[in-house]
Amino acid sequence: MERVDGHPLSDEELQALDAYWRAANYLSVGQIYLLANPLLKEPLRPEHVKPRLLGHWGTTPGLNLVYVHLNRAIRQRELSMMSVIGPGHGGPAIVANTWLEGSWTATYPNTTQDEPGMARLFKQFSFPGGIPSHVAPEVPGSINEGGELGYSLSHAYGAAADNPDLVVACVVGDGEAETGPLATSWHSNKFLNPRRDGAVLPILHLNGYKIANPALLARIGDDELTALLRGVGHEPYLVEGSDPVEVHQAMAAAVDKCLDRIREIQVEARVEGEPVTRPAWPMIVLRTPKGWTGPRTVDGEPVEDTWRSHQVPLSGVRTNEDHLRQLEDWLRSYHPEELFDENGTPVESLLALAPRPSLRMGSSPHANGGLLTRNLELPEPAEYAVPVKAPGAEDGEPTKVFGQYLRDAFRLNEKHRNLRLVGPDETESNRLGAVYDVTGKAWVAGRRDTDLHLDPDGRVLEMLSEHTCQGWLEGYLLTGRHGVFSSYEAFVHIVDSMVNQHAKWLKTVNRLDWRRPIPSLNYLLTSHVWRQDHNGFSHQDPGFIDHVVNKKAEVVRVYLPPDTNTLLSTMDHCLRTRNYVNVVVAGKQPQPNWLDWEAAALHCARGIGVWDFAGNDEGDPDVVMACAGDVPTLETLAAVDLLREHLPDLRVRVVNVVDLMRLQDSTEHPHGLPDPEFDALFTTDKPVIFAYHGYPWLIHRLTYRRRNHENLHVRGYIEEGTTTTPFDMVVLNNLDRYHLAMDVIDRVPALRTKAVSVRQWLADQRVRHRVHTTRYGEDLPEVRNWRWGRPS
């Protein structure tokens with residue numbers, strides 16, 4: 001790759017940048033170590049040092065160097081830029097730089113730019129009641145949770161999408177570059193439209209080591225690394241060295257060269273009438289020593305430029321006089337007396353190097369996306385509602401109808417370009433193809449005549465990497481825009497850890513007044529467990545719900561709409577919400593339409609309710625038949641139909657659940673039902689047969705405190721699956737109509753002896769089903785052709 005050796009800086013500029021870098025390094029070391037004496041006005045003593053030393057030094061000086069040089073470019077070019085920091089625990093660097101530029105004090109006024117403010121800045125870092133050691137939500141200017149590696153580059157591309165004047169500088173750590181999510185996200189440049197989108201400037205920071213091992217990309221050699229980076233569509237420029245003077249000059253030249261090239265690309269792409277082509281986007285490879293400018297040796301062992309500098313190079317400062325002396329020498333090597341005045345305020349020459357307030361990366365409104373969020377202009381969902389002459393009389397395709405609603409949402413928001421649909425190659429499969437009437441699939445790679453819907457301006461992002469899709473959408477939402485992630489239910493598990501981090505981010509920002517609410521992360525999970533009979537066991541897993549429910553109640557919502565109109569109402573609601581993770585599970589295959597629009601909207605508003613058309617309890621049921629999910633609802637109503645036919649005197653109440661969190665106690669979740677309301681629905685002493693979409697134990701977990709829990713019997717997915725027929729899937733898991741009816745007989749005391757023959761007939765039907773299915777390869781005619789309310 002091209003090694004950058006230019007010298008664009010005058011001696012005065014070089015000295016100023018180096019001073020700023022030294023100041024950032026000093027502030028970073030101070031955060032890791034110091035509890036008091038922030039300006040070293042007296043010799044360092046053990047009580048000046050924190051009792052627990054936490055933080056990561058190794059990556060920090062490189063991050064400080066990057067930030068200083070980006071600031072230079074912002075000032076000179078009046079550039080709109082934000083930074084995304086991939087080396088997760090480089091928190092000291094970004095905190096130091098945002099304090100130096102004034103963004104930290106603007107956000108936290110008590111952390112003033114003086115000695116008392118510096119002392120507070122140091123104490124808060126990795127300290128009880130303070131801030132974490134990584135680039136967390138508390139850090140102004142951040143959108144990337146640095147506690148887990150791999151997501152920085154996809155976040156950066158999500159932030160750049162539809163922001164044509166924004167440059168997102170993304171520092172990729174060499175350890176982070178080994179993760180699967182980061183490896184796939186290099187290909188995001190095939191989806192970036194230089195005409196409509198902003199630009200991403202990746203900076204691969206190679207300092208050679210992870211916690212205790214060498215980093216792969218730092219050891220493969222320049223030829224192989226160059227081939228790799230060019231192979232994923234970048235033109236890399238190498239900045240390398242350990243002499244600060246030479247590295248400053250080379251870094252300044254590299255940043256200038258990359259930003260000039262980005263501007264050239266955008267100017268060429270924005271010529272009216274010219275086709276959009278994919279350029280080789282520039283990037284920087286920055287190779288500097290790990291733990292640069294820190295202690296070279298400690299206790300006779302090499303530290304700088306080794307893995308030993310990864311965290312806290314001097315760990316025994318409070319008890320080891322030699323370590324304490326080395327720490328003081330280290331801090332004084334930055335010459336703080338030249339950088340801060342007697343009051344602890346950065347000297348005027350440093351303050352002059354910060355961009356003006358509106359352009360500071362720590363103050364970027366894009367990194368506090370709620371400031372820029374514009375409400376979606378959404379169509380009226382009632383206009384897409386399917387007519388329902390009688391419950392269950394006709395089938396609908398829920399996601400297909402929602403696709404028409406989403407199509408028109410794209411149309412209404414085209415001028416704002418603030419809505420995206422992401423997913424791993426499944427938009428058509430998930431029956432959302434109506435969106436292609438108004439937009440295409442974003443694509444700037446090669447095209448053929450046989451391709452369909454590929455368009456550089458497309459609003460749909462598809463790549464067969466759930467990680468990258470998730471990262472794109474998170475970056476898009478965190479910068480204030482809206483979106484939906486559509487996925488096969490079983491494979492959304494691939495992003496389990498990513499949704500963990502996003503939920504933690506939302507939980508944290510809920511207590512930060514300065515962070516404005518952002519649009520919710522909306523999952524539409526379809527091709528679900530009960531309709532993956534053709535793909536088999538590998539595609540059958542409803543456990544993402546369980547995973548999400550583990551997160552804080554204030555940020556998670558789970559919806560199981562049973563038909564077309566309830567899905568429309570649910571998705572319309574989710575697209576209007578803020579700061580939630582909304583999980584919606586709905587089938588794409590034809591299934592009964594139960595509720596007309598008015599009834600569906602009311603039912604979704606309640607989240608749970610009695611279906612009077614299906615029951616006959618007259619206020620005093622013998623049994624409650626509950627259901628959550630489209631297939632469990634179908635099987636429950638079919639079971640009720642069987643009970644009506646064979647046991648007409650039995651009083652049955654049917655309760656359907658759309659909002660799963662309504663089952664939880666109101667003290668545990670904002671959507672939870674108070675005990676009196678729950679008892680009114682489910683009674684306090686009658687058997688409850690609950691047919692649930694996912695793993696049955698989740699329902700027990702949500703309701704364990706309820707008065708009637710001992711009478712609750714749940715059927716759901718019990719990890720039985722294969723390639724088979726739709727009805728055989730529910731039979732394998734004992735969720736079928738015959739088994740549900742048998743459960744009623746087993747649990748209503750008056751029926752145990754009275755309905756023996758009925759129970760035997762129900763059991764025989766399951767045997768008949770098995771024989772018929774294995775012989776003919778399809779379900780029994782009475783199952784396939786069943787309709788609610790139609791004589792069997």
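**Entry 1: His502**

I located His502 in helix α15 (residues 496-509); helices here are DSSP runs of H or I of at least four residues, strands are runs of E of at least two, and both are numbered from the N terminus. The model is predicted: local features need pLDDT of at least 70, side-chain atom pairs count only at pLDDT 80 or more, and totals for chains, interfaces and linings use all residues. Residues are numbered from 1 along each chain as its sequence is written, and side-chain values use heavy atoms, with hydrogens and water left out.

Is His502 buried or exposed? I found it buried, at 3% relative accessibility; buried means under 20% relative accessible area, exposed over 50%, and partly exposed in between (1.4 Å probe, protein chains only). Leaving aside residues up to four places away in sequence, I listed Glu474, Leu478, Ile518, Leu521 and Val581 as touching His502, where contact means heavy atoms within 4.5 Å.

**Entry 2: positive phi**

I noted that Ser527, although not a glycine, has a positive phi of about 50°. Ser527 sits in the loop between β15 (521-526) and α16 (544-549) and is buried at 2% relative accessibility. Asp299, also not a glycine, has a positive phi of about 55°. Its loop joins β7 (297-298) and β8 (301-302), and Asp299 is exposed, with a relative accessible area of 56%.

**Entry 3: the sheet**

I traced an open sheet of six strands in the order β1-β5-β6-β4-β3-β2, with parallel pairing; two strands pair if DSSP finds at least two bridges between them. The edges are β1 (2-3) and β2 (81-85), each with a single partner strand, so one side of each has no neighbour in the sheet. Five bridges join β2 to the parallel strand β3 (residues 167-173), and Ser83 stands opposite Ala169 in β3. Helix α2 (residues 60-77) packs on the sheet, touching β2, β3, β4 (199-206) and β6 (281-287), and its direction makes about 170° with that of β2. Angles run from 0 to 180 degrees between N-to-C directions, with axes fitted to C-alpha atoms, for helices over the stretch in contact.

**Entry 4: α1 against α10**

I found that the axes of α1 (residues 11-33) and α10 (residues 321-332) come within 9 Å and cross at roughly 155°. The two helices are therefore roughly antiparallel, a term for angles over 145 degrees. Tyr26, Val29, Gly30 and Tyr33 in α1 meet Leu327, Trp330 and Leu331 in α10.

**Entry 5: α19**

Of the 17 residues of α19, 14 are buried, so this helix is largely enclosed by the rest of the structure.

Definitions and conventions. Parallel < 35°, antiparallel > 145°, perpendicular 65-115°, else oblique.
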